[in-house]
Amino acid sequence: PLLLIPLVDNAFKHGVSETRSKPFVDINLTVKQQQLLFIVKNSIDETATVQEVKENIGLSNLRKQLALLYKYYDLTIGQENAVFTSVLKINLTSNV
């Protein structure tokens, strides 16, 4: 469960806290047939230009932890139309 915290933390730290109008965080967690799907969407400043997402220490450490714990996982991040989205998929049967 602690693997999910960096994504939620980033949504508040780099998203909502820097959004001037209509800030939001949307978190969705589902587990079906041993497949975990965790989606975090948050507002970003509308005046911010679309740019390549930088992976700071939090996301870098998360990727390292995932690689140590699971064989099959996917972490994608991106932004579009003033919304930042993180999607984490883990095959829970693939733990090392």
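**Leu75 and its surroundings**

Author: Leaving out residues up to four places away in sequence, Leu75 touches Leu7, Leu62, Arg63, Leu66, Val87 and Leu88, where contact means heavy atoms within 4.5 Å. Before going on: this is a predicted model, in which local features need pLDDT of at least 70 and side-chain atom pairs count only at pLDDT 80 or more, while totals for chains, interfaces and linings use all residues. Residues are numbered from 1 along each chain as its sequence is written, and side-chain values use heavy atoms, with hydrogens and water left out.

Reader: What makes Leu75 buried?

Author: Its relative accessible area is 5%. Buried means under 20%, exposed means over 50%, and partly exposed is in between, with a 1.4 Å probe and protein chains only. So Leu75 counts as buried. Leu75 lies in strand E3, strands being DSSP runs of E with at least two residues, and helices runs of H or I with at least four, numbered from the N terminus.

Reader: How far is Leu75 from Glu46, in sequence and in space?

Author: They are 29 residues apart in sequence, and their C-alpha atoms are 24 Å apart.

Reader: Why is Asn10 called buried?

Author: At 18% relative accessible area, Asn10 is under the cut-off, so buried is the word. Asn10 is in helix H1 and, leaving aside neighbours within four places in sequence, is in contact with Gly15 and Leu59.

**The sheet**

Reader: How do you know that E3 and E4 pair?

Author: Two strands pair if DSSP finds at least two bridges between them. E3 and E4 have eight, in the antiparallel sense, so they pass. One of the bridges sets Gly78 against Thr85 in E4. The two strands form a hairpin with two residues between them, and Asn81 in the turn has a positive phi of about 50 degrees.

Reader: Which other strands are joined, E1 to E2 or E2 to E4, and by how many bridges?

Author: Both pairs are joined: E1 and E2 (residues 35-43) run antiparallel with eight bridges, and E2 and E4 run antiparallel with nine. Thr30 stands opposite Leu37 in E2, and Asn42 stands opposite Phe84 in E4. The hairpin of E1 and E2 also has two residues between its strands, with Gln33 taking a positive phi near 50 degrees.

Reader: What makes E1 and E3 edge strands?

Author: The open sheet has the order E1-E2-E4-E3, with antiparallel pairing. Strand E1 (25-32) and strand E3 (73-80) each pair on one side only, and that is what puts them at the edges. Neighbouring strands are turned by 10 degrees against each other on average, direction ignored; axes are lines fitted to C-alpha atoms, for helices over the stretch in contact, and angles run from 0 to 180 degrees between N-to-C directions.

**The helices**

Reader: Where do the helices lie?

Author: Helix H1 (residues 5-15) lies across E1, E2, E3 and strand E4 (83-91), at about 10 degrees to E2. Helix H2 (residues 57-69) lies across E3 and E4, at about 160 degrees to E3.

Reader: How do you know that the span of H2 agrees with its 13 residues?

Author: The expected span is 1.5 Å times one less than the number of residues. For H2 that should give 18 Å, and its end C-alpha atoms are 18 Å apart, so the two agree.
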